[in-house]
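Trainee: I would like to learn how to read an interface between two chains. Could we work through one together?

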There are 2 protein chains.
Amino acid sequence: MEQANVSNRDCGLLYGDGLYETIQARSGRCIRFDKHLARLRHGSEVLGLPDGINGFDISQAAFELLEANGLKDARIRITITRGVGAGPTIIITADPLSEFKMETSRAIISSYRRDEMSPLVGIKTLNCLPSVMARMEAEAAGADDAVLLNTQGNVAEGSTANVFVVKGNQLVTPALGQGCLPGTVRAAVLEIAPALGLEVGEDVLCQDALFEADEVFFSSAIKLLRPILNLNSRKIGSGNHEVCERILKVLVRQLE
Amino acid sequence: MEQANVSNRDCGLLYGDGLYETIQARSGRCIRFDKHLARLRHGSEVLGLPDGINGFDISQAAFELLEANGLKDARIRITITRGVGAGPTIIITADPLSEFKMETSRAIISSYRRDEMSPLVGIKTLNCLPSVMARMEAEAAGADDAVLLNTQGNVAEGSTANVFVVKGNQLVTPALGQGCLPGTVRAAVLEIAPALGLEVGEDVLCQDALFEADEVFFSSAIKLLRPILNLNSRKIGSGNHEVCERILKVLVRQLE
């Protein structure tokens with residue numbers, strides 16, 4: 001199950017030819033595991049990866065990995081590559097996670113962009129260089145994360161997160177055709193928000209909408225929701241992130 | 001020098017965070033080695049990879065690898081990743097190459113495209129999924145390779161090659177801003193062609209220019225020049241590839 005090394009002929013290494021998922025485990029339970037696996041299976045079909053995911057019980061492997069490492073709260077990463085030769089390579093790692101605590105972000109709008117027309121859009125592939133570089137670009141600018149636009153100049157997503165905008169009681173996130181991943185927490189937020197009195201929408205989101213918002217936040221599997229307090233050194237809204245925190249409270253309860 | 005495995009925490013595997021070069025070695029000599037190394041160094045600067053390429057004699061390592069494997073004619077691949085922690089990971093592999101023989105290609109125009117605006121354009125990174133998928137798309141269509149367009153719908157390059165178009169005595173290849181790699185053989189062709197009475201140009205190349213050409217061919221480090229006889233099942237020109245073969249003759253002499 002555990003494997004410390006990978007062949008230097010592995011297609012994952014040679015071409016970034018594979019997929020991954022990052023999953024939050026709490027009290028030994030993987031949060032939204034079925035959603036992550038469904039995305040992985042879909043990606044595997046799109047890439048035409050060799051069969052092997054279906055014959056391999058990832059859920060059981062993840063569970064045994066947590067047990068073997070005495071971990072209850074962990075960040076689990078599942079990586080599946082086209083492998084070397086016949087079968088796929090499946091790697092599962094687990095790293096300890098400390099108690100959940102909301103972070104905030106200072107972000108920039110990156111010069112790296114998503115191609116919303118790519119047949120790979122929406123697939124969580126190992127081709128992550130634009131995200132890595134966008135993060136480095138942010139750090140060089142004294143920020144910690146980045147918002148990526150698509151080729152039309154509209155908002156796509158964060159470097160490893162989805163983006164939400166709050167204006168009044170409206171909560172909007174870029175539609176799936178805009179070059180973003182179908183995030184598991186993105187879906188959860190869209191599900192939770194109406195019960196909190198918010199009108200939710202998936203739409204085209206222009207850059208200006210970020211600067212004119214009351215709140216902007218990232219959503220992702222490990223950090224859940226992260227309010228963006230500054231974007232390109234401009235303060236977002238009044239600095240308040242009340243809506244974000246109300247939704248986050250529900251997400252944090254789901255970790256228990 | 002040789003390493004059969006790579007850590008499953010290597011950034012090259014996790015994010016495709018690295019670069020590579022594929023080099024043709026003949027009679028123990030690496031063809032256009034300085035050009036490949038220069039591109040690798042440039043890419044390394046763009047990605048901000050940890051220092052280590054400069055302190056490591058890749059040329060010597062490649063030479064020793066050929067010696068150790070008793071290889072004279074080989075396909076050498078150099079992979080450099082951001083590694084795990086401090087230094088970069090450097091992998092060099094060599095596979096035997098048989099005597100050079102011109103191949104021809106049946107290609108398609110891919111639904112995968114290059115983003116000519118990406119800051120990563122022109123860098124030979126490990127994020128090769130669009131190329132892998134374009135090749136698979138070609139094979140599914142009964143072809144063997146693909147031409148990728150850019151976001152403007154103009155010709156960028158092949159899946160792992162540059163593209164040249166011959167019309168009369170004019171030889172044109174997409175300009176570097178069009179989303180292609182600065183291929184080492186591309187540069188060699190541009191250098192060789194004028195002495196053969198050809199007018200060379202680097203330009204915007206629309207899709208139609210391919211279908212209206214006398215000849216179209218791919219250029220790459222291992223296969224050198226490959227005439228495209230069919231594109232999207234349409235015959236290119238009269239099926240003649242005389243210009244391509246004249247240039248190829250010079251390139252093949254350079255292997256000696």
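Trainee: How many salt bridges are there between chain A and chain B?

Mentor: Bearing in mind that this is a predicted model, the count between chain A and chain B is 4 salt bridges. One of the pairs is A:D115 with B:R113, whose closest N and O atoms are 2.7 Å apart, and that falls inside the 4 Å cut-off which the term requires.

Trainee: Which elements of chain A supply at least two residues each to the side that touches chain B?

Mentor: Both helices and strands do, among them α1 (11-15), α2 (33-47) and α4 (129-140), together with β1 (5-7), β4 (74-81), β5 (89-96) and β6 (105-114). The most comes from α4(A), which gives 5 residues, and by class the side of chain A that touches chain B holds 20 nonpolar, 14 polar and 7 charged residues.

Trainee: What is the area buried between chain A and chain B, and what share of it do carbon and sulfur atoms give?

Mentor: The size of an interface is often expressed as the accessible area that is lost when the parts come together. Here the area buried between chain A and chain B is about 3500 Å², with 57% given by carbon and sulfur atoms, while 41 residues of chain A are in contact with 41 residues of chain B.

Trainee: In which sense, parallel or antiparallel, do β1(A) and β1 of chain B pair?

Mentor: β1(A) pairs with β1 of chain B, residues 5-7, in the antiparallel sense over 3 bridges, and within β1(B) the bridge partner of A:S7 is B:N5.

Terms used
Residues are numbered from 1 along each chain as its sequence is written. Chains are lettered from A and ligands numbered from 1 in the order in which they are written. This is a predicted model: local features need pLDDT of at least 70, side-chain atom pairs count only at pLDDT 80 or more; totals for chains, interfaces and linings use all residues. Side-chain values use heavy atoms; hydrogens and water are left out. Contact means heavy atoms within 4.5 Å. Buried area is the accessible area (1.4 Å probe) that two parts lose on being put together, summed over both. A salt bridge is a side-chain nitrogen of Lys or Arg within 4 Å of a carboxyl oxygen of Asp or Glu. Helices (H or I, at least four residues) and strands (E, at least two) are DSSP runs, numbered from the N terminus. Ala, Val, Leu, Ile, Met, Phe, Trp, Tyr, Cys and Pro count as nonpolar, Asp, Glu, Lys and Arg as charged, and the others, Gly among them, as polar. Two strands pair if DSSP finds at least two bridges between them.
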